[in-house]
Amino acid sequence: MCLIACAWRAHPDYELLLAANRDEFHQRPTLAAAAWVENPTVIGGRDGLHGGGWLALSARRRLAAVTNVRRMEPPAPDAPSRGRLVAEFVNGDLDAATHADRLLADAGRYSGFNLLLWDGAALLYLSNHPEPTVTRLAPGVHAVSNAQLDTPWPKLRRLRARVEAVCATDMAVDSLWPALADDRPAADAELPDTGVGIETERFLSPPFIRGPHYGTRASTVVAIPRDGGTMHFSERRFGPDGVAAGDSTLSLT
């Protein structure tokens, strides 16, 4: 994932409401959101290259989502896949805090990442850049892109504002989809300087990225009700230049 906004105990009806975009090279093999073959109690997309995931939800009320950290350095050739961070948590049994504490010792082996872990009782944020750290998130609306939590990049501010509006008004959850599809570049004055150059900063600045080789591959909305009822997971997929390539609507009880 490259952009995630979530409302944690901030919506009157939902314990956790999450909206996210995954940006990736279009040539990278990817499996559509579905029940995982080795564990049908887990749903989410799969990385066809290494078998991990970027966002997954378990019937045991466990969720994990990961983004990379934008750094101007090549990843270590022996670094494990960041998709493993998602798979290990949703397939595991440890609570989020214990899992995160154990992961800290190994976090430096991975390329830069931001990780959200939810276990039904707590929502944690874990990052290994600039150094490994774990934060238990307070109820509210939080967002992360390719920098640290709540770094106010334009794309993050736009999506977080829509999630806040959904929580504060009677705006429907479906109104998150247009926010995820927002492909308007940010003004130059708003752009961060992450070392990739002004043209690339512009290209990467909207919530939804359209490109022939790299762009938004999937948009996802997850809605987990407060009453312990059915959890909903919806994914919309896209090919080169943002052309629609299918969708999935899944649920877990």
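In strand β10 (residues 140–144), the bridge partner of Ile4 is Val144. Strands β1 and β10 are antiparallel and joined over five bridges; strands are DSSP runs (E, at least two residues) numbered from the N terminus, and two strands count as paired if DSSP finds at least two bridges between them. The model is predicted: local features need pLDDT of at least 70 and side-chain atom pairs count only at pLDDT 80 or more, while totals for chains, interfaces and linings use all residues. Residues are numbered from 1 along each chain as its sequence is written, and side-chain values use heavy atoms, with hydrogens and water left out.

Strand β1 (residues 3–8) also pairs with β2 (residues 14–25), in the antiparallel sense and through six bridges. Within this pairing, Ala7 has Leu17 as its bridge partner, and Cys6 stands opposite Leu18. The two strands form a hairpin with five residues between them, and Arg9 in the turn has a positive phi of about 55 degrees.

Six of the six residues of β1 are buried, that is, under 20% relative accessible area with a 1.4 Å probe, protein chains only. Leu3, Ala5 and Ala7 lie on one side, and Ile4, Cys6 and Trp8 on the other.

The open sheet contains six strands in the order β10-β1-β2-β11-β12-β13, with antiparallel pairing. Its edge strands, β10 and β13 (244–252), each pair on one side only. Helix α3 (residues 154–168) packs on the sheet and touches β1, β2 and β10, contact being heavy atoms within 4.5 Å; helices are DSSP runs of H or I, at least four residues. The direction of α3 makes about 25 degrees with that of β1, on a scale from 0 to 180 degrees between N-to-C directions of axes fitted to C-alpha atoms, for helices over the stretch in contact.

How values were computed:
Buried < 20%, exposed > 50% of the residue type's maximum accessible area, 1.4 Å probe, protein only.
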